[in-house]
Amino acid sequence: MTRKIADIRRDYEGGQLEEDKVPADPMVLLDEWITLALDAEGDDGNAMTLATVDSQGLPHARIVLLKGYDERGLVFYSNYHSHKGSELANVPHAALTFWWPSLGRQLRVEGRVELIDGDESDAYFDSRPRASQLGAWIATQSVVIPGRQWIEERQHRFEQAYEGQVIPRPVHWGGYRVIPEMIEFWQGQPSRLHDRIRYELRDGSWHFFRMAP
C-alpha cells in the first residue's frame, strides 16, 4: 500500500440544514435529495446499501438499486430465495443508506419491509430489458455454483426456452417496500460539524430534531 488510509481526509461543504426550513413531511425532503442526487451522481444516484439481519441476529449488507418511491415507502427488487430474501422473511425490517459523494450527503432510512403487490412487480418486470428478464430466471441468487460455465449454460438454456416468447416474471422474484419509521438527513459541513436532521414516526405522525454530528 502506497497511501496511508489513516491520512485520507476530506473537508465537506454544503448548504445547511435548518430546523425552521425543513418540511414537516420527510418524504418531501427525501424526494428533493434523491432528485438532485440522480442529476449529480448519474447512474449511481439510486444505489443504496441494504442492511438486514438473519435469524441469529447477525447483520448483512449489500448494495441494491432503488427502483421507486412514494408516500408508501422505497422499493427495490430481488430474488425472494436469496440471502436477503430469506433474512427479510424471518426479520421483516431493514436499513437503507445512500451516499452521494459529489453532494457530501448521506440519507438513512429504517423501517419495516413488505412485499409489493404482484401487479406492481409484473409491471416493473415487463419494463426491464429482455436480457435482465432472462437474468431473473438464470441467476439462482446466493447459492454456491461450480463455475462461470454453469451460468453460461443456464443462459443458453433459457434463451432457447423463451425464444420468440414473452418472458413471464418468475414467482420467486419481485419487489420489496421499505416503509420508513426513521429517516435521517446528513449534510457534510466543514470541520466535521455536520448537519443531521432525524425524523421519527411516532403514533402516526412525523417528528424531527437535530442530532449532534
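I began with helix α4 (residues 130-138), where Q133, L134, A136, W137 and I138 are buried. I take buried as under 20% relative accessible area, exposed as over 50% and partly exposed as in between, using a 1.4 Å probe and protein chains only. An α-helix has 3.6 residues a turn, so residues three or four places apart point the same way. I then looked up what the buried residues of α4 pack against, and found α3 (118-127), α5 (148-161) and β7.

Notes on the source. This is a predicted model, in which local features need pLDDT of at least 70 and side-chain atom pairs count only at pLDDT 80 or more, while totals for chains, interfaces and linings use all residues. Residues are numbered from 1 along each chain as its sequence is written, and side-chain values use heavy atoms, with hydrogens and water left out.

**Whole chain.** I counted five helices and nine strands. Helices (H or I, at least four residues) and strands (E, at least two) are DSSP runs, numbered from the N terminus. Read from the N terminus, the order is α-β-β-β-β-α-β-β-α-α-α-β-β-β. The C-alpha trace spans about 60 × 50 × 40 Å along its principal axes. Of the 213 residues, 38% are buried.

I also looked at contacts, meaning heavy atoms within 4.5 Å. Among the contacts with a separation of 6 or more, 65% are between residues 24 or more positions apart.

**Strand β5.** β5 runs antiparallel to strand β1 (residues 47-53), with three bridges joining them.

The hairpin of β5 and β6 has four residues between the strands, and G104 takes a positive phi near 60°.

**Strands β7 to β9.** Strand β7 (residues 173-187) and strand β8 (residues 195-202) run antiparallel and are joined by six bridges. Q187 has D195 in β8 as its bridge partner. How many bridges join β8 to strand β9 (residues 205-211)? I found seven, in the antiparallel sense. In that pair, L201 is bridged to W206 in β9. The hairpin of β8 and β9 has two residues between the strands, and D203 in its turn has a positive phi of about 50°.

**Record.** I checked the UniProt annotations, whose positions are given in the numbering used here, with feature names shortened; they may be inferred rather than shown by experiment. An unreviewed UniProt entry places "domain: Pyridoxamine 5'-phosphate oxidase N-terminal" at residues 46-152. In the model, residues 46-152 are 30% helix and 40% strand, with the end C-alpha atoms 29 Å apart. The unreviewed UniProt entry also gives "domain: Pyridoxine 5'-phosphate oxidase dimerisation C-terminal" for residues 173-213. Over residues 173-213 I found 0% helix and 73% strand, and the end C-alpha atoms are 39 Å apart.

How values were computed
Pairing = 2+ DSSP bridges.
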